[in-house]
Amino acid sequence: MTGAIYALVALGLTLIYGVLHIINFAHGALLTAAMFAAFFAHKLFGLDPYVAAAGLTPLFFFIGYGLQRYVIGPASHGEDRNILLVTLGLAVVIENTLLYAFRADTRTINLPYAFEVVEFGNAFLAKPRVIAFGAVIGVAFVLWLLMRFTNNRQGDPRGGEGKAWRRIGWHRRGAHLRRDVGIGTACLAIAACLLLPTYYVNPHAGNAFVLVAFTVVVLGGMGSVAGALLGGLFVGVVESLSGLYLGESLGQIGIFVMFILVLLFRPSGLFGERA
């Protein structure tokens, strides 16, 4: 269940990588911003996080689109190393803006269903995590369909949008690139709304998920939607088992040991390109 959230955050990373061939270092800060947006949508307007997702998803699509069009693209001048520096700078600006505006306080919300469970055989599963799991599977399926079956905008009747996207990555087609960065950022808004019922928010909350998402992207294969989904679920299981045998505070050790092993023995991941 936890791995499903990792997978959704990783989907945004891997979509952006599939176009830019660059890791977006602002991803964690944008996730944090989305979590704050969902938090205040509840506090100020009484919106359930799952309801707020309907508005925040398109909002963050346009935020990602705008950042690529007006900040990342112009500032990087098409240079990959400049994109790395610009996204790193964006992360610093976003995190410190959130820190200035909201201080370092940790915030949570209380929802009536936050501690409800669903019986599944002999297991008792937290209801918010079951909802998150189903939502992530649905989002991944929609993205896969979009990449696999939609019409090719490059005019090639033989290929789908996925083939066009891969070609666009090489040619840096501006409008398509901005769209895909927008979709990757929209995934963060969905992830934030799925996290909020059971997780806290502070100006650095998103970083913990993005660090794990990097591992998921490498494990699944850079640029692979299916790999991000399966990799996220696998990483969630590894974290749970590590926490069971090593203690909850050491649960993520297993993730990073696995990360090193993947880089050593299968750097191309499960389905994608060489990391």
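The legends below accompany close-up views of a predicted model.

**Figure 1. Overall fold of the predicted protein chain, with 10 helices and 2 strands.** Along the sequence, the elements follow the order α-α-α-α-β-β-α-α-α-α-α-α. Of the 275 residues in the protein chain, 49% are buried. When contacts between residues at least 6 apart in sequence are considered, 73% of them join residues at least 24 apart.

**Figure 2. The packing of helix α8 against helix α10.** Helix α8 spans residues 205-220 and helix α10 spans residues 253-265; their axes come within 10 Å and cross at roughly 35°. The crossing of α8 and α10 is left-handed. Helix α8 contributes Leu211, Val212, Phe214, Thr215, Val218 and Leu219 to the contact, and these meet Ile255, Phe256, Met258, Phe259, Val262 and Leu263 of helix α10. The residues of this contact between α8 and α10 comprise 11 nonpolar, 1 polar and no charged.

**Figure 3. The stacked aromatic pair Phe141 and Trp144.** The count of aromatic pairs comes to 12. In the pair formed by Phe141 and Trp144, the ring centres are 6.3 Å apart and the planes are at 25° to each other. The pair counts as stacked because the angle between its planes, 25°, is under the limit of 30 degrees. Both residues belong to helix α5 (residues 127-149), where Phe141 and Trp144 are 3 residues apart, about one turn of the helix. Phe141 is partly exposed, at 48% relative accessible area, and Trp144 is also partly exposed, at 36%.

**Figure 4. The edge-to-face aromatic pair Tyr199 and Phe209.** The centres of these two rings, Tyr199 and Phe209, are separated by 4.8 Å, with 75° between the planes. The pair links distant parts of the chain, 10 residues apart: Tyr199 is in the loop between α7 (174-195) and α8, whereas Phe209 is in helix α8. Tyr199 has a relative accessible area of 21% and is partly exposed; Phe209, at 6%, is buried. Ring pairs join Tyr199 and Phe209 with Tyr6 and Tyr200 in a cluster.

**Figure 5. Ile5 and its contacts in the chain.** Ile5 is part of helix α1 (residues 2-20). With a relative accessible area of 6%, Ile5 is buried, because that value lies under the 20% limit. Apart from neighbours within four places in sequence, Ile5 is in contact with Ala132, Val136, Leu194, Leu195 and Phe209. Ala132 is 127 residues away from Ile5 in sequence, yet the C-alpha atoms of the two residues are 7.1 Å apart in space.

**Figure 6. Pro203 in the loop between α7 and α8.** Pro203 is buried, at 1% relative accessibility. Neighbours within four places in sequence aside, its contacts are with Thr32, Phe36, Glu95, Leu98, Leu99, Arg103, Ala104 and Asp105. Pro203 and Ile94 are separated by 109 residues in sequence and by 8.9 Å in space, C-alpha to C-alpha.

**Figure 7. Arg103 over the face of Tyr100.** Arg103 is placed at 5.7 Å from the ring centre of Tyr100. The loop that holds Arg103 runs between α4 (80-102) and β1 (117-120). Most residues other than glycine have a negative phi. Arg103 has a positive phi, near 60°. Arg103 is also one of the residues in contact with Pro203.

**Figure 8. Pro74 in helix α3.** Helix α3 covers residues 49-76 and includes Pro74. Pro74 is partly exposed, with 42% relative accessibility. With neighbours within four places in sequence left aside, Pro74 is in contact with Gln68 and Arg69.

**Figure 9. Ser240 in helix α9.** Helix α9, residues 225-246, contains Ser240. At 47% relative accessibility, Ser240 is partly exposed. Ser240 and Gln252 lie 12 residues apart in sequence, and the distance between their C-alpha atoms is 8.6 Å.

How values were computed: Residues numbered from 1 in each chain as written. Predicted model: local features only at pLDDT ≥ 70, side-chain atom pairs only at ≥ 80, totals over all residues. Heavy atoms only, no water. Axes fitted to C-alpha atoms, helices over the stretch in contact; angles between N-to-C directions. Helix = DSSP H or I, 4+ residues; strand = E, 2+ residues; numbered from the N terminus. Left-handed = near helix turned anticlockwise from the far one by under 90°. Contact = heavy atoms within 4.5 Å. Nonpolar A, V, L, I, M, F, W, Y, C, P; charged D, E, K, R; others polar. Phe/Tyr/Trp six-rings, centres within 6.5 Å; stacked < 30°, edge-to-face > 60°. Buried < 20%, exposed > 50% of the residue type's maximum accessible area, 1.4 Å probe, protein only. Lys NZ or Arg CZ within 6 Å of the ring centre and 35° of its normal.
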